[in-house]
Amino acid sequence: MQQINVTKTYLPPLEEYTAYLQGIWERGHLTNHGPLLQELEEKLKTYLGVKHLFVVNNGTIALQIAIKALGLKNEIITTPFSYVATTSSIAWEGCTPVFADIDAKTLCINPDEIKHKITQATTGILATHVYGIPCNVEAIKEIAEQHNLKIIYDAAHAFGVNYKGTSVLNYGDISTLSFHATKLFHTIEGGAIITNDDELAHKISYMRNFGHNGPEAFFGVGINGKTSEFNAAMGLCILPKVPELIEARKRISELYDDLLKSTSLKKPELPEATEYNYAYYPVLFETEEQLLETRKRLNENSVFPRRYFYPSLNTVNYMGKQDAPVSEDVSKRVLCLPIYFDLAENDVRRIATLLIN
Ligand SMILES: *Cc1c(COP(=O)(O)O)cnc(C)c1O
């Protein structure tokens, strides 16, 4: 039986990619802010409706540059329910991740919990729009304003998500994306940093390029966040397909909804006024035992869902012990089901049957 994984990377028709390769060979310009990268950045800004967007070589560097550009120090309040890069970027930048527990409905950081974690040492909030579900951006903004904190949104899952009529990337001081091959839109490896602030944009633009101000001068300290033309070419091939990729995922998601509606499985809730991207299909079991039993049955039938996100990040070995009971509980009971552009209806039906029995 053909193996079905939680996701499958979309690859464009090969001849579309090789047409771009032809141009790269002719120009001999392989990286360092080449013409394909510039074209991709312009098209992404238009597609997403954002002011400044910088493509970088992965979503983790995007987070690290965001923390540096905002000058965050000491404690950063963050979510324990995300991919490990959200937490590790904070630690890697020499700051302390302080976990605020999540909301049991949306699985995003709970604003009331943020309030309880603020100290004299807090400089910012790094929250994830987990599965592309928008955080409570209004409440977070209010808290940040009251306490003079910066906001970064890890929007790695939120490509194409709109909230209240605008891209969810327009909230917070900086948002970051991942364009890893497992994400809805990808450049094989890649990511982006988004801001509406001109001064921050300038900082980000030099920070991702070693801090250069021309070949022999520097604005400040920087790192190598540059992206190659080969990665940009992949992005240019895939971007025009994104609406149909989202449409296909929507159909699969609605079919799962229908097939699973009479089960005890629960889904996280989307806030009102969200236009979703169907990037993930998470389901919550009543107990971890049920999850493990079901996963075993799926695996035996060549279906490989993933425990996104497990374990809860407050329990990762290099973090001091911090409490986040909701996140720990959810992490043990959540499973992301396979969803991707060409997952066949028959396979969705088969997976649903395995989930029910
Ligand atoms: C994928 C992901 C990242 C890391 O992105 P890379 O491009 O793999 O470095 C960060 N945060 C979240 C929530 C992710 O899912």
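How far apart do the C-alpha centres of domain 1 and domain 2 lie? They lie 24 Å apart, in a chain divided into domain 1 (14-240) and domain 2 (241-356), with bounds that come from an automatic or database domain assignment. The contact between them takes 40 residues from domain 1 and 36 residues from domain 2, where contact means heavy atoms within 4.5 Å. This is a predicted model, in which local features need pLDDT of at least 70 and side-chain atom pairs count only at pLDDT 80 or more, while totals for chains, interfaces and linings use all residues. Residues are numbered from 1 along each chain as its sequence is written, and side-chain values use heavy atoms, with hydrogens and water left out.

On a 1 Å grid over the protein atoms alone, a cavity is a set of points where a 1.4 Å probe fits but cannot get out, whereas a pocket is an open set with protein on both sides within 12 Å along at least five of seven lines; lining residues have an atom within 4 Å of a point. Grid points are joined across faces, edges and corners, and a volume is the space filled by probe spheres set on the points.

The largest pocket holds about 550 Å³ of space. Both domain 1 and domain 2 give residues to its lining, so the largest pocket lies between them. Of its 28 lining residues, Tyr 83, Ser 178, His 180, Thr 182 and Lys 183 lie nearest the centre. Helix 3 (59-69), helix 4 (84-92) and strand 9 (174-178) each supply at least two residues of this lining; helices (H or I, at least four residues) and strands (E, at least two) are DSSP runs, numbered from the N terminus. By class, the lining has twelve nonpolar, eleven polar and five charged residues. Here Ala, Val, Leu, Ile, Met, Phe, Trp, Tyr, Cys and Pro count as nonpolar, Asp, Glu, Lys and Arg as charged, and the others, Gly among them, as polar.

After helix 4 comes Gly 94, with a positive phi near 80°.

The second largest pocket has a volume of about 240 Å³. Helix 6 (137-147) and strand 6 (150-154) each supply at least two of its lining residues, and the largest share, four residues, comes from helix 6. Its lining divides into six nonpolar, two polar and four charged residues. Asn 148 is part of this lining and sits in the loop between helix 6 and strand 6. Although not a glycine, Asn 148 has a positive phi of about 55°, and its relative accessible area of 69% makes it exposed.

Ser 178, Lys 183, Asn 277 and Tyr 280 are among the residues that line it.

Tyr 278, in the loop between strand 11 (274-275) and strand 12 (282-284), is not a glycine but has a positive phi of about 55°; at 17% relative accessibility, Tyr 278 counts as buried. The loop between strand 13 (303-304) and helix 11 (325-333) holds Phe 309, and the peptide bond from Tyr 308 to Phe 309 is cis, with omega near 0°. Pro 311 is found in the loop between strand 13 and helix 11, and a cis peptide bond with omega about 0° joins Tyr 310 and Pro 311.

Finally, the cysteines. The structure holds zero disulfides, a disulfide being a pair of cysteine sulfur atoms within 2.5 Å. The sulfur of Cys 135 is 4.1 Å from its closest cysteine sulfur, in Cys 108, which is too far for a bond. For Cys 336, the closest cysteine sulfur is also in Cys 108, 13 Å away and too far for a bond. Cys 135 is buried, with a relative accessible area of 1%, and Cys 336 is buried at 1%.

Technical notes:
Buried < 20%, exposed > 50% of the residue type's maximum accessible area, 1.4 Å probe, protein only.
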